[in-house]
Amino acid sequence: MTVEEIDLETRDQVNARRNFIAGLWAGQRLGIPSAELSTYVQSVMDADYREPGCSDVVQKLKSDFENSGKNISKTELASRLKIIERNVRAELLTTD
């Protein structure tokens, strides 16, 4: 495995974990029942494959919050994703 392949694999793991945690965070705030939460989390994870970067995840979350009558800005959502990603990276560095 090349360094580039390892970097890509690590980035994919970070993104997947970030999106998983973001889905849990959003799902809980949206009041999604626990029986449906895993399906919602998967939909957040799936949203990340639409376009490069996390803007597709931000847009999905923004839309979900708007549809539930909760107002949250794209800036706030993007900031939340950055915090989650920073925590995930720190987690990966401390586990081996």
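Let me begin with how the model is read: because it is a prediction, local features need pLDDT of at least 70 and side-chain atom pairs count only at pLDDT 80 or more, whereas totals for chains, interfaces and linings use all residues. Residues are numbered from 1 along each chain as its sequence is written, and side-chain values use heavy atoms, with hydrogens and water left out.

The protein has four helices and zero strands, where helices (H or I, at least four residues) and strands (E, at least two) are DSSP runs numbered from the N terminus, and along the sequence the pattern reads α-α-α-α. Of the 96 residues, 31% count as buried, and here buried means under 20% relative accessible area, exposed means over 50% and partly exposed lies in between, with a 1.4 Å probe and protein chains only. If we take the contacts between residues at least 6 apart in sequence, 49% of them join residues at least 24 apart, contact meaning heavy atoms within 4.5 Å.

Now to a pair of helices. Two packed helices are described by the angle between their axes and the distance between the axes. How do the axes of α2 and α3 cross? The axes of helix α2 (residues 34-47) and helix α3 (residues 55-67) come within 8 Å and cross at roughly 140°, the axes being lines fitted to C-alpha atoms, for helices over the stretch in contact, with angles from 0 to 180 degrees between N-to-C directions. On the α2 side the contact is formed by Tyr40, Ser43, Val44 and Ala47, which meet Asp56, Val57, Lys60, Leu61 and Asp64 in α3. These residues divide into five nonpolar, one polar and three charged, where Ala, Val, Leu, Ile, Met, Phe, Trp, Tyr, Cys and Pro count as nonpolar, Asp, Glu, Lys and Arg as charged, and the others, Gly among them, as polar.

Staying with α3, its 13 residues should span 18 Å at 1.5 Å a residue, and the end C-alpha atoms are 18 Å apart, which agrees; the expected span is 1.5 Å times one less than the number of residues. The buried residues of α3 include Asp56, Val57, Lys60, Leu61 and Asp64, and Lys62 in this helix also counts as buried because its relative accessibility is 11%. Leaving aside neighbours within four places in sequence, Lys62 is in contact with Asn71, Ile72, Ser73, Lys74 and Leu77. After α3 comes Gly69, whose phi is positive, near 80°.

Where is the aromatic pair? The structure holds one such pair, with rings of Phe, Tyr and Trp (its six-membered ring) pairing if their centres lie within 6.5 Å, and planes under 30 degrees apart counted as stacked, over 60 as edge-to-face and the rest as tilted. The ring centres of Trp25 and Phe65 are 5.9 Å apart and the planes stand at 50°, so this pair is tilted. Trp25 lies in helix α1 (residues 3-30) and Phe65 in helix α3, so the pair ties together parts that are 40 residues apart in sequence, and both residues are buried.

Asn87, by contrast, is found in helix α4 (residues 74-94) and counts as partly exposed at 47% relative accessibility; Asn87 and Val14 are 73 residues apart in sequence and 9.7 Å apart in space, C-alpha to C-alpha.
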